[in-house]
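Open your viewer and get ready to select a few residues at a time. Each stop on this tour tells you what to pick and what you will find there.

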Amino acid sequence: MGFFNPDMAGILPISIILDILVYWLVIGFSGLIFIRNRKIVSQVLFPLGALGGIALLSITAFSITHSPTSAILPLGLPDLPFHIRLDALSTFFLFLLGISSTGICFFSSGYFSRDGNFSPGLVCLQFHLFLVSMAFVFLADDAYLFMIAWETMAMSSYFLVVTDHKVPEIRKAGYIYLLMAHISATAVLLCFGVLQKAGLQGIGGSYTFDMMRHLNLDNFWATTAFLLALFGFGAKAGLLPVHVWLPEAHPAAPSPVSALMSGVMLKTAIYGFLRVTFDLLHLQIWWWGILVLTLGLITAFFGVIFSAVQNDMKRLLAYSSIENIGIIMSGIGLTITFQSYHMQALASLALIATLYHCLNHACFKSLLFLATGSVLHATEERNLGKLGGLIHRMPWVAVLALIGTLAIAGLPPLNGFVSEWLLLQTFLLTAGFPQPYLNMLVPVAAAGLVLATALAAYVMVKFYALIFLGQPREKKLLEAKDANYWERLGLSWLASCCVLLGLFPVEVIKLLNAVPGLLIGQALGKVTSQTNWLFLTPISPDRASYSPMLFFSATTIIILITFLGVRLFYHGRVRRTTAWGCGYPMQTFRMQETAESFGQPIRTIFSPFFRMRSELPSPSDPAPHYHNITEDRFWYVLYFPIGRFIRFLSNLFGRIQQGRISIYLLYSFLTLILLLLLI
Amino acid sequence: MIPLSGQLLNLLAAVFLLIAFAMLAQRRILSLIHLYAYQGLVLSLSTLIVAYSTHQPHLYYSMLLNFLLKVLIVPWILHRLIHRLNVQWDVETLLNIPTTMLIGLALVIFAFNLSLPIVQLAGTINRSTLGIALASVLLSFLMMITRSKAVPQVIGFLALENSLIFAATSITYGMPMMVELGIALDVLVGVFILGVFFFHIRNQFDSLELKHMEKLKDN
Amino acid sequence: MTNLYGFIFQFIQLIMTLVLSPLLLGWINQCRYWLQNRQGPGVFQPYRQLVKLFCKDAVLADNASPLFRMTPYFLFACMCLAGTIVPVLATNLPFASVADVIVLVGIFALARVFLALAAMDIGTGFGNLGARREMMIGFLAEPALLMVLFTPAFISHSTALTTIVDTLSHTRFIIYPSMAFAMASYLMVLLAENSRIPVDNPSTHLELTMIHEAMLLEYSARHLALVEWASSIKLYDYFVIGFALFVPWGIASGNHLSSMLLAFLALFIKLAFAGFGLAIVETLSAKMRIFRVPEFLGTAFMLAVLGTLTHFLLEA
């Protein structure tokens, strides 16, 4: 599908994309036909879904530079048709959806072929419905379709989260998720309400984004709309302090669903935020940017330190998603600030760094979530402290997860480093703000960002080393089996995306460059024109340059030469023996690091941020038991008080509840009279 | 382009701030006294450079006074004092250095931004160091607040005075000679009196921990 | 400049990195011995050590994975690459544009992550302990190092080390007060990152205090040799980065043989002095408790941030 130029055939990309979405829907609903047939669903339907992902990926890669096209769907209510529009921003996010959904679909065919407590056909329907609704969020060009897609996305993902609904914790996680999704949806709806406020007197149809674009809101209403968008989309993305659903919901879902939620669904919130802030709103005010930047940095820092103290591998990744969302948000904050001072070149650089990070996160976080899925299937253990040594039993997963681990830790030459590098370059260029306070804030903000990314490396060493390295901490791990072929295919797809995105940043940025052209009004010209594909030079070669390909090849060459040199001049003799017992008579696998002990330095250094309860056994205890529970302070500071307040209010209202129908009728009657009086 | 003397002054100012931060993070009393002496030295050097490059004779005297008092006499007195009190190895135990430093950093940003409009009014060659002097004043204050022992608190007070003189030289080429002499005398007398006080405090409470003084409040 | 000369000098710089790094380590150790009134084995001891290790048979634990065997080579390659990127002899060498200072920090982080993973591979208590401590130091030292590098990057409006060196040394002489902060912070980071004395003791095998050595306990023979060599190259890299930032005089900007010789001489003198200085620092200070290390590095981090702030106040 990607091998012909769609324009030549006279077909618009937007219609091809719609075809793909219909195709996904058909696959989803055929799941209902084969509702109990695990084999057909996993071996046929999910791979077919992956083909849809590849098609989406290729068509969006082709058409990202095209000018926006819109269409009206013949669906919806009689006078309220659905508007859709394909511009650079939506194309980019569809591209992101294509990349991760391909890998995740492949993986799912392996994952759902195993036995489990669910009906495969239903999962297939919900899964593809989830994909389609996310695509419609990106395509929607009116508030009506956007909200429908948004809610469908929330509902389908809710059902996917509670796939294993027999477990009470999972039901609870699903409930919290649903609650937060609705609060977020309400805020988004209000935001659209504010955005179309000024158009109320016009003829109907002001709910379209096209009309909103042409409205000039004053500062107050623009700020209101912005803050509502920040809250609504922030809650969906997991921004502090509305992040609490994320570490509950992501681990509860089956791994492919966690991957999809973390990799793509969080990005729908980023998409919505970008759409409102840069496309629908005309003006940006500098303090918006500072607010978003600060929130983003706090979120990143908070996410990463909490991620470091988790024992559950999927919760660890969920907190790491919070961190990455924080980084993305701080990039957006910088973009807003630059844009408000009309520093377009810098704004587009910051935006590119942000989008690049979105893409990267979609790849490596999906990859790691899928890898935990394989581990979970092989061992039925999600506590990091009970895993270990899987590199010997699951070499495929171990190698592919290593790529993801290094990428997410922001290490060269993989993709996580590129976006981090671009973002730091943006920070370093920021010295020309008119306010001195801002200028001095920038190095401090950069320091915060750097600290968060350095901590991410710590977290990822913990994640990888405890799962795959060392000796198995439990007996049952010895029987672990490597992932099956479909799973390997899915993991390899995402891992190779991580590598390619890391090695060829210039090509990727050429692709991304259409987005700042649309949103900022100025694309980053120099990257594409001045230099060759080897060197990434965002501004000029003497300012900064980075060539991951050369770095990678040089490292490889030096390794080869060293290896051959050592063999040639000396020898390659190896003797195997048991590991040195450190001078102690008894060494068992139980003496290895556990998840708690690896998180200990973080717990000590950043202790004020946690709410900890630990139980230390006394030295003379014959059966010593140590345990430590680290909790999020936000529950106690923010959510429980709110919950108590709401319960208090409900009790107040409970008093007017009498139980007799005539009294209820009296209430309605009084309300009616009151309303009539008021009118 | 800033002339060389201005650059040197900026460098000295940076070192001054560096020492102020080092004092904030230092636990040992003995090292604190050394740092105080270094700070005095930096102060005298920068006064010397200002005096040389602007040909202000009274600044030479000021520099000499500073040098004698803050590099030689006061540190010597403090040395004697802690030897006599036998607290030279005392270590401040309760001190969260990273948090203190973080507050210090915020104070520096605040001070820098506060000084920017004033700097534009001043005409001295070392006017841009006012921000640093102001920051040092705040940092010394912070140091006094965070310490629980008497001697470090006094050193914080002395550092505060150093920073004030530094601020004065940077914005108006120093205070009139009379004022400076007066301050110097005050410092000297202050150190003596405080030294005497220390002995009394220790006799009374058997310790120089300031929390014991809380008992003095009448209730 | 002709490309060929550039590549030749680049190659010379790589060879120098390989050859000079054990010598630097030997020199530092020798200075320490002298300062401690001991005779010392001479400056060439590290070479003998390396040859001895290369000749031995490697012993691997039963459950050592390929990752464990790969890591020494990987570490070695990363450090060598860092040594070629830093302008040691001249600023316009062809390889310099591959990476800027941020990438350099990334390379060090990459090496650290691999070493920590390898240390956890066998699953013995010491390896785990060392890896955890190393990562703890790493996440504090890495931001501090980046912030140190930000100050010159703000000054020269570039993160490319060659441009930084050109701005600092080849234009008019200007004193940058912010660099005083950067230098203090850099020294602290250097001590921590290279496991020198106040943070870690390179010559101890005492279980409670080990950090770097604990990670290497399972390595032997050629693997150990490569890891040891890599850590000496790392120290050398940190030295030459420090020279490029704080004493960049002498680094050639052209490609003439005479200026190269001068640069080489300057490098030699700088290394000798800096090595002696490090020995003095190590002799004068006592190893701190591991709980104090976060404080130490937090201070370094704050100082580096303060450096960038001072830059905005005094030099902008």
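Which residues do ring pairs link into a cluster with Phe301(A)? Select Phe301(A), Tyr458(A), Phe598(A), Phe606(A), Phe609(A) and Phe139(C): ring pairs link these into a cluster. Rings of Phe, Tyr and Trp (its six-membered ring) pair if their centres lie within 6.5 Å; planes under 30 degrees apart count as stacked, over 60 as edge-to-face and the rest as tilted.

Before moving on, please note that this is a predicted model, in which local features need pLDDT of at least 70, side-chain atom pairs count only at pLDDT 80 or more, and totals for chains, interfaces and linings use all residues. Residues are numbered from 1 along each chain as its sequence is written, chains are lettered from A and ligands numbered from 1 in the order in which they are written, and side-chain values use heavy atoms, with hydrogens and water left out.

**Stop 1: aromatic pairs**

Over all chains, the count comes to 54 aromatic pairs. Zoom in on Phe301(A) and Phe609(A), an edge-to-face pair with 5.3 Å centre to centre and 75° between the planes. Phe301(A) lies in helix 11 of chain A and Phe609(A) in the loop between helix 23 (595-605) and strand 4 (610-615) of chain A, so the pair ties together parts that are 308 residues apart in sequence. Helices (H or I, at least four residues) and strands (E, at least two) are DSSP runs, numbered from the N terminus.

Next, select Phe417(A) and Tyr546(A), which form an edge-to-face aromatic pair with 5.3 Å centre to centre and 75° between the planes. Phe417(A) and Tyr546(A) are both buried.

**Stop 2: packed helices**

Now show helix 11 (residues 286-308) and helix 12 (residues 313-340) of chain A, which pack at an angle of about 165° with their axes 7 Å apart. Axes are lines fitted to C-alpha atoms, for helices over the stretch in contact, and angles run from 0 to 180 degrees between N-to-C directions. Helix 11 and helix 12 of chain A are therefore roughly antiparallel to each other; angles under 35 degrees count as roughly parallel, over 145 as roughly antiparallel, 65 to 115 as roughly perpendicular and the rest as oblique.

**Stop 3: backbone details**

Where do you find cis peptide bonds? One joins Leu240(A) and Pro241(A), with omega about -5°, and Pro241(A) lies in the loop between helix 8 (219-237) and helix 9 (245-252) of chain A. Another joins Pro412(A) and Pro413(A), with omega about 0°; look for Pro413(A) in the loop between helix 15 (395-408) and helix 16 of chain A.

Then select Glu380(A), which has a positive phi of about 55° although it is not a glycine. Glu380(A) sits in the loop between helix 13 and helix 14 (390-393) of chain A and counts as exposed at 68% relative accessibility.

Finally, jump to Ala221(C), where phi is near 50°, a positive value in a residue other than glycine. Ala221(C) lies in helix 9 (residues 221-246) of chain C and, at 3% relative accessibility, counts as buried.

Terms used:
Buried < 20%, exposed > 50% of the residue type's maximum accessible area, 1.4 Å probe, protein only.
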